[in-house]
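Please keep the model open while going through the points.

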Amino acid sequence: MPRARRRVVRVVLRPRQFAMPVQEVLTGDGLSVKLSLVVTLRTVDARRWHEAVDLPDQFLYSAVQIALRTEVSAGTLDELLADRTGVPERVADAVRLESEAVGLAVDAVALRDVIVPAELRRAAVDLVVARTQGQAALERARSEVAATRALANAARLMSDHPALLQLRTLQAVEAGGATVVLSAEPGLATARAAS
């Protein structure tokens with residue numbers, strides 16, 4: 001009868017991390033984006049970790065990679081950028097069964113980097129610049145309309161009340177720096193800046 005052999009296998013039970021290097025993935029709208037993740041995991045069943053598969057950490061790495069690709073390809077780039085915390089949570093949920101099957105528990109998944117292609121970054125900057133320039137042009141137009149309204153109101157007031165024009169002429173004389181031309185006819189006095 002053969003003797004039973006015992007073998008000691010060292011298993012790290014402390015939490016550990018693996019960083020998934022940059023992965024190029026296509027989003028649901030066909031744009032290429034580069035992503036990297038950090039996964040925090042720990043061994044919860046040492047026997048299963050040793051016996052279930054060869055290289056269980058590598059097995060989990062592949063499962064995370066597939067889950068990430070599936071999650072990113074299900075949405076658009078805008079959705080990915082807007083939901084940077086939801087994507088890692090859904091990836092962690094997607095690999096939970098595979099991790100338990102090999103004696104591991106995924107404690108956290110974090111989306112470390114999202115790298116958008118240079119032409120898309122330039123387009124986003126151009127969009128922000130165009131939007132800002134449009135707002136500036138709109139504000140200039142509003143100011144011009146307000147100034148024109150003020151001038152129209154002043155002209156109407158001076159037309160309705162000729163004495164206001166005479167008061168304005170006296171203010172110009174008092175302030176100095178203007179040439180005042182007086183006419184014999186009332187209401188024809190004008191003021192203009194000195195050259």
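1. Contact here means heavy atoms within 4.5 Å. The model is predicted, so to speak of local features requires pLDDT of at least 70, side-chain atom pairs count only at pLDDT 80 or more, and totals for chains, interfaces and linings use all residues. Residues are numbered from 1 along each chain as its sequence is written, and side-chain values use heavy atoms, with hydrogens and water left out.

2. The chain has seven helices and five strands, where helices (H or I, at least four residues) and strands (E, at least two) are DSSP runs numbered from the N terminus. Their order along the sequence is β-β-α-α-α-α-α-β-α-α-β-β.

3. Of the 195 residues in the chain, 24% are buried; buried means under 20% relative accessible area, exposed over 50%, and partly exposed in between (1.4 Å probe, protein chains only). The accessible surface of the chain is about 13900 Å², and 56% of that belongs to carbon and sulfur atoms. These areas come from the Shrake-Rupley method with a 1.4 Å probe. Among contacts in the chain with a separation of 6 or more, 64% join residues 24 or more positions apart.

4. Val-22 lies in strand 1 (residues 16-26). Is Val-22 buried or partly exposed? Its relative accessible area is 43%, which makes Val-22 partly exposed. Leaving aside residues up to four places away in sequence, Val-22 touches Lys-34, Leu-35, Ser-36 and Ile-115.

5. Helix 2 (residues 56-73) and helix 4 (residues 86-94) have axes that come within 9 Å and cross at roughly 130°. Axes are lines fitted to C-alpha atoms, for helices over the stretch in contact, and angles run from 0 to 180 degrees between N-to-C directions. Helix 2 and helix 4 are therefore oblique to each other (under 35 degrees is roughly parallel, over 145 roughly antiparallel, 65 to 115 roughly perpendicular, and the rest oblique).

6. On the helix 2 side, the contact is made by Val-64, Ala-67, Leu-68 and Glu-71, and on the helix 4 side by Val-87, Arg-90, Val-91 and Ala-94.

7. Which residues of helix 4 are buried? They are Gly-86, Val-87, Pro-88, Val-91 and Ala-92. The cover over the buried residues of helix 4 includes strand 2 (32-43), helix 2, helix 3 (77-82), helix 5 (96-101) and strand 3 (104-115).
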